[in-house]
Amino acid sequence: MPEVNKASMQTDTKVHHPHALTPLIDPVISAFINKFPDTLTALVEQHGSPLNVVWPHAFELNTQALLAVLKQHSVAHAIFYGAKANKSQCLLSAAATSAIGVDVSSLYELQAALRAGTPAAKICATGPAKTAAFHQALISAGALICVDSLEEFDHLKELLEAQPLPIKARVLLRYRAKSCAKSRFGMDAQDLLDSLQRLATDTASLVFEGFHFHLGGYGFESRVQAFREVSGFVEAAREMGLNPQMIDIGGGLPIRYVDPQDYTRFLQNDNIPSHYYHQKVPADYYPYGGDLTAAQWLTLFLEAEHSAGLSIAGYLNQQNITLALEPGRSLVDQAAISIFRITRTKKLADSKTVIFVEGSSFSACETWFASEYLVDPILISTEQQTSTPCQAYIAGHSCLDDDVITYRLINFACEPRRGDLLIYINTAGYQMDLLENEFHRHPLPRRLMATCCTEGKYAFTPDY
Ligand SMILES: Cc1ncc(COP(=O)(O)O)c(C=O)c1O
């Protein structure tokens, strides 16, 4: 039975919103936090800290926003949700409900996507080192396989030849764009042409469907350039008698965690060593307050010039090519919050405070990448507060010196206390569970799916 929140019977619980890097919050989640902070406290009491609460409605809204842009430009399209962004099963179910596909990078992601109800024909497998078992499962299911290299091509061929009955594998070829010539992913022009030639002579076991690339970074411009490069191979493939039908541009669509003006102000004025407990400003960050939403990014991509007088959307339509995308982070935008209960606060030198939370930075992982999550947490205080302001950084409960959730000194208008909660907003994209583990034998954090039933009513069920 799902747990349903009770009507608010607020005691002294208070919700303190930060003022510097204020998180942007989905309205449903915001209403829940502001109206029912006691429910959050009760959920953490029952399920432990940290607790990840996953909101599939946000996934569905994000999908609809991208689909609207694709439809507006009348391009044939396929969206494969990059399942690597989050381990939640209910987000895979949201992908199935939204009738989009899934990009899987392991046998286990494949099995989870099938379990969620995604038809195998809508599953696309990426990654540079697929195992025989993974390849076999993809072949048997009839999923699309992005071939990363000539070596992987050979491996797939060997497996196909060893099948007891003739069976075909559907493939895309992964292109290595000129902008990332040294990357270990994908094939350069020569290897791509070799693959095309092999495909042209082996139509018995391989069905060639098109090309794929995925680039690092978040600019649409680099994707436009790679798309132009790859479209040259569409011509080459056709001349060899092949029928490319899809160009898959991977993921990397950006999301916004904080208001762009707050973000710029922070970078210009506050991103200085003295605002970090360890006095070090990280070398780089995700663009937390970027200029573009994912939908705007996609619009700019489709409207960018492919060749003289022809936009990318125009090219896709003229050439009858389906545009595929593999958004991970941008589909899970706002789809989870992570709640940490405070174990203790401790005074340190220079009147700074450290807040220890029940949980570790493995469940909020930016500092492990020598970066920081530039979004301030919301404080839920459970006792009557005297409003003494304090500056604190936040550490995990392990004995590792590097187990720090944020080195950034956060200004709290009133001092957090033991038992209070810190809520990190928008943690679904690689943040909450990428590195989670059972260090010190702490159990893995629980994940709950939140559903909004009727106005003001929310139900919480285990999400596995
Ligand atoms: C091949 C591929 N596709 C899609 C993605 C998802 O990228 P993002 O979450 O930035 O959209 C990744 C991320 O690493 C990837 O490697």
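**The α6/α7 contact**

A: Ala132, His135, Gln136 and Ile139 of α6 meet His155, Leu156, Leu159 and Leu160 of α7. Contact here means C-beta atoms, placed from the backbone, within 7 Å. The residues of this contact comprise five nonpolar, three polar and no charged. Ala, Val, Leu, Ile, Met, Phe, Trp, Tyr, Cys and Pro count as nonpolar, Asp, Glu, Lys and Arg as charged, and the others, Gly among them, as polar.

The model is predicted: local features need pLDDT of at least 70, side-chain atom pairs count only at pLDDT 80 or more, and totals for chains, interfaces and linings use all residues. Residues are numbered from 1 along each chain as its sequence is written.

Now the geometry. Two packed helices are described by the angle between their axes and the distance between the axes. Helix α6 spans residues 132–141 and helix α7 residues 150–161. Helices are DSSP runs (H or I, at least four residues), and strands are too (E, at least two), numbered from the N terminus. The axes of α6 and α7 come within 10 Å and cross at roughly 60°. Axes are lines fitted to C-alpha atoms, for helices over the stretch in contact, with angles from 0 to 180 degrees between N-to-C directions. α6 and α7 are therefore oblique to each other. Oblique is what remains after under 35 degrees (roughly parallel), over 145 (roughly antiparallel) and 65 to 115 (roughly perpendicular).

Next, the layout. The chain divides into domain 1 (3–55 + 334–462) and domain 2 (57–253 + 293–325). These bounds come from an automatic or database domain assignment. The C-alpha centres of the two domains lie 36 Å apart.

Key:
Two residues are in contact if their C-beta atoms, placed from the backbone, lie within 7 Å.
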